[in-house]
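Visitor: I would like to learn how to read the features of a structure such as this one. Could we take them in turn, with the general idea before the case?

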Amino acid sequence: MKKIGIFYGSTTGTTEDVAKKIGKKLGVDSDDIMNVATTAPSKVGDYDVLLLGSSTWGAGELQDDWYDFLNGLQELSLAGKEVAVFGCGDENMSDTFCNAVGIIYERLQPTGAKFIGDFTTAGYSFEESKADEGNGKAVGLLIDEANHPELTDRKISEWCAEISAQM
């Protein structure tokens with residue numbers, strides 16, 4: 001069985017809550033759900049599957065704690081690791097919705113990681129996102145607790161089922 005580590009950055013607690021819901025759905029021990037603000041990037045070495053979560057802030061930027069952690073991840077070889085990305089955003093920020101998901105995905109491309117977990121954008125209305133693959137798909141799970149909290153639990157359940165099937 002593959003060992004899953006969930007790494008999140010959260011300013012207001014929303015992304016942390018989503019990370020914990022994902023962990024519960026996948027049966028991940030709470031010790032394997034870590035805040036990137038207090039975790040060394042090398043910790044990812046303990047896991048086969050990395051679930052990486054960030055909220056989007058400002059003009060479509062990563063949550064603050066992600067910058068140093070992501071820089072550290074980029075220095076590592078993630079060959080042999082499976083990576084899935086999730087994040088929170090606000091569709092009212094229509095031109096940068098959940099950009100952080102796309103930023104993490106893009107910046108980790110050279111690491112050799114195998115990406116899993118692309119997912120539908122159905123239920124959200126936005127103009128642009130770095131996470132958007134087109135054709136109604138994003139590179140990971142997008143969550144909008146501000147405008148569509150009624151979609152969160154279903155999207156988490158469906159995404160977890162998809163990544164479980166891909167692992």
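Guide: Let us begin with Gly58, which counts as exposed at 53% relative accessibility; exposed means over 50% relative accessible area, buried means under 20%, and partly exposed lies in between, with a 1.4 Å probe and protein chains only. The model is predicted, so that local features need pLDDT of at least 70 and side-chain atom pairs count only at pLDDT 80 or more, while totals for chains, interfaces and linings use all residues. Residues are numbered from 1 along each chain as its sequence is written, and side-chain values use heavy atoms, with hydrogens and water left out.

Visitor: Where is the place of Gly58?

Guide: Strands (E, at least two residues) and helices (H or I, at least four) are DSSP runs, numbered from the N terminus. Gly58 lies in the loop between strand S3 (49-57) and strand S4 (61-62), and in this hairpin, which has 3 residues between the strands, Gly58 takes a positive phi near 55°.

Visitor: Which strands are joined to S3, and in which sense do they run?

Guide: Two strands pair if DSSP finds at least two bridges between them. Strand S1 (residues 4-9) runs parallel to S3 and is joined to it by 6 bridges, with Ile4 opposite Val49. Strand S5 (residues 82-88) is also parallel to S3, over 7 bridges, and there Leu52 has Val85 as its bridge partner. S4, by contrast, runs antiparallel to S3 with 2 bridges, and Trp57 is partnered by Glu61.

Visitor: How many of the 9 residues of S3 are buried?

Guide: S3 is mostly covered, with 8 of its 9 residues buried.

Visitor: What is the order of the strands in the open sheet of 3 strands?

Guide: The order is S7-S9-S8, with antiparallel pairing. Strand S7 (119-120) and strand S8 (132-134) stand at the edges, each with a single partner strand, so one side of each has no neighbour in the sheet. S8 pairs with strand S9 (residues 137-138) over 2 bridges, and Asp132 stands opposite Ala138.

Visitor: How many disulfides does the structure hold?

Guide: A disulfide is a pair of cysteine sulfur atoms within 2.5 Å, and the structure holds 0 of them. The sulfur of Cys88 has its closest cysteine sulfur in Cys98, 6.9 Å away, which is too far for a bond.

Visitor: Are Cys88 and Cys98 buried or exposed?

Guide: Cys88 is buried at 6% relative accessibility, and Cys98 is buried with a relative accessible area of 0%.
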